[in-house]
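Please look at the sequence and the structure below, and then read the briefing that follows, which takes the chain topic by topic.

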Amino acid sequence: MSKNTRETTPGDGLRSLRSTLLFRAVNYELYVKPNKVIMIFGVIAMLGCSGYMFYMNRNHKRDDYQAIVKSDDTVVLVKKKSKWTD
């Protein structure tokens, strides 16, 4: 048997076709069988990052203070005031 021919099985998809090493390196996901542990870890990581960003955005909107830089280069936190209630 030749090095480039191999037995194909149903579900191989692009793995059964001949291709160059560059194409396989660039499109790595097409030739690797799925790994459920890595997928679950990735989903949990993405949900964790999204949840943290949502949490930070929610807390930032609730925050009623703003940082003001004075003329002597000191930063002071001042409670936000509405222009409508002044």
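A residue is called buried if it has under 20% relative accessible area, exposed if it has over 50%, and partly exposed in between, with a 1.4 Å probe and protein chains only. By that rule, 3% of the 86 residues of the chain count as buried. The model is predicted, so that local features need a pLDDT of at least 70 and side-chain atom pairs count only at pLDDT 80 or more, while totals for chains, interfaces and linings use all residues. Residues are numbered from 1 along each chain as its sequence is written, and side-chain values use heavy atoms, with hydrogens and water left out.

**Overall layout**

- The chain holds 2 helices and 2 strands, where helices (H or I, at least four residues) and strands (E, at least two) are DSSP runs numbered from the N terminus.
- Read from the N terminus on, these elements follow the order α-α-β-β.
- Among contacts (heavy atoms within 4.5 Å) between residues at least 6 apart in sequence, 0% join residues at least 24 apart.
- The chain exposes about 8700 Å², of which carbon and sulfur atoms supply 63%; accessible areas come from the Shrake-Rupley method with a 1.4 Å probe, and for residues only the protein chains shown count as cover.

**The annotated span and helix α2**

- An unreviewed UniProt entry annotates residues 37–55 as "transmembrane region"; its positions are given in the numbering used here, feature names are shortened, and annotations may be inferred rather than shown by experiment.
- In the model, residues 37–55 are 100% helix and 0% strand, and the end C-alpha atoms of this span lie 27 Å apart.
- Met56 is placed in helix α2, which covers residues 36–62, and Met56 counts as partly exposed because its relative accessibility is 39%.

- Strands β1 (residues 65–69) and β2 (residues 75–79) run antiparallel and are joined by 5 bridges, and two strands pair if DSSP finds at least two bridges between them.
- Within this pairing, Ile68 stands opposite Val76 in β2.
- The hairpin has 5 residues between the strands, and Asp73 lies in that loop.
- Although Asp73 is not a glycine, it has a positive phi of about 65°.
- Asp73 counts as exposed because its relative accessibility is 66%.
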